[in-house]
Amino acid sequence: MAVCAKCEDPLVLVVDYDVEDDEPPETEEVPDDLELPCGCHFHCSLPPPPPPLSRQCLIDDAAQVALSLKCPKCQSYLPANQAGPSATNPIFGPSTTAAGASAIRTRYSSEGGVDDDYDILPVLTEEAYLASHPEARPARALLTMCAQGDVMGIVGLLQDMDGEDEDGDGDDEARSPPLPVNKLLRYQDPLGGMRSGLHVAVENNQEEAFFMLLFLASRLATSDFPAAVVESAQQVGLGRPEQGSDPDIRTLADDKGDGPEAYARKAGGKWAQWAEAGVFTQGL
Ligand SMILES: [Zn+2]
Ligand SMILES: [Zn+2]
């Protein structure tokens, strides 16, 4: 049986099952085997979020792999097409969102089954970015939650951020300072065409996340929100922002100059109706 090219352990992951406190933990081994095009195998522990016992043997080398596009073990060149690194990597070269985007096609066996055509490059690119910009991790998590409409996740994230500098135990000092909440809410994705969370919410038809971002980062009058939105925001203890110097989230444009309103008009349906009704412009 093949072993991991990095740690040389079998390509399995030990997962814990919840049991009663006074019993020994129950564990089970599940496959965790990412095979690169060169034939080398690595632990990978995807999709995120990884379990606590994950082994990210390939992800640990993400920055190096994303830069060189070579296998960290055998140095084979990995992308499916023949474009060179400078043409394929969005951190170090032009964006991959253009035609001719590259991919690293792998075979990934995990608890969920076998994926014969799993493109690992976006994950490596993301991890490489986070390795050099650790302060962006919560902001990138926020974007994922906006895309999935995970409103409770967003609330939890914001509450965690708020509590972070109040605990005073000094644990955080070694890390880069996290983005303040006002900046976090307005984060624009350098790997995703500079979309904000509001762009992402519109694009993924996530109405609750959309109104939550407006509630927290726009000057749209509270009376213009659906009553249910205001009610649920109050229930979780979220208030409207102070009228500071932060830009209204509705004014943030992607790298093509399109604001969330342009996305809404393109999406049509209720989004276009809201655009007509001035949801994207009132109070600006
Ligand atoms: Zn390993
Ligand atoms: Zn290899």
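Axes are lines fitted to C-alpha atoms, for helices over the stretch in contact, with angles running from 0 to 180 degrees between N-to-C directions. Helices (H or I, at least four residues) and strands (E, at least two) are DSSP runs, numbered from the N terminus.

This is a predicted model, in which local features need pLDDT of at least 70, side-chain atom pairs count only at pLDDT 80 or more, and totals for chains, interfaces and linings use all residues. Residues are numbered from 1 along each chain as its sequence is written, chains are lettered from A and ligands numbered from 1 in the order written, and side-chain values use heavy atoms, without hydrogens or water.

Take the helix pair. The axes of helix 8 (residues 207-217) and helix 11 (residues 269-277) come within 12 Å and cross at roughly 25°. The two helices are therefore roughly parallel to each other. Glu207, Phe210 and Phe211 of helix 8 make the contact (heavy atoms within 4.5 Å) with Lys270, Trp271 and Trp274 of helix 11.

Helix 8 is largely enclosed by the rest of the structure, because nine of its 11 residues are buried. Buried means under 20% relative accessible area, exposed over 50%, and partly exposed in between (1.4 Å probe, protein chains only). Phe210 and Phe211 are among the buried residues of helix 8.

Now the zinc sites. Donors are N, O and S atoms within 2.8 Å of the metal (3.2 Å for Na, K and Ca); water is not among the atoms, so sites may look incomplete. Ligand 1, a zinc ion, is held by Cys4 (SG), Cys7 (SG), His43 (ND1) and Cys57 (SG) at 2.0 to 2.3 Å. The spacing along the chain is C-x2-C-x35-H-x13-C. Cys7 and His43 link distant parts of the chain, 36 residues apart. Cys7 lies in the segment before strand 1 (12-17), and His43 in the loop between strand 4 (41-42) and helix 1 (62-68). His43 is buried at 0% relative accessible area, whereas Cys7 is partly exposed at 29%.

The site of ligand 1 is tetrahedral, with angles of 99 to 112° among its four donor atoms. Four donors count as tetrahedral if all angles lie between 85 and 135 degrees; four count as square planar and six as octahedral if opposite donors are over 155 degrees apart and all others between 65 and 115; anything else is irregular.

Cys71 is buried at 0%, while Cys74 is partly exposed at 36%.

Note on methods. Angles under 35 degrees count as roughly parallel, over 145 as roughly antiparallel, 65 to 115 as roughly perpendicular and the rest as oblique.
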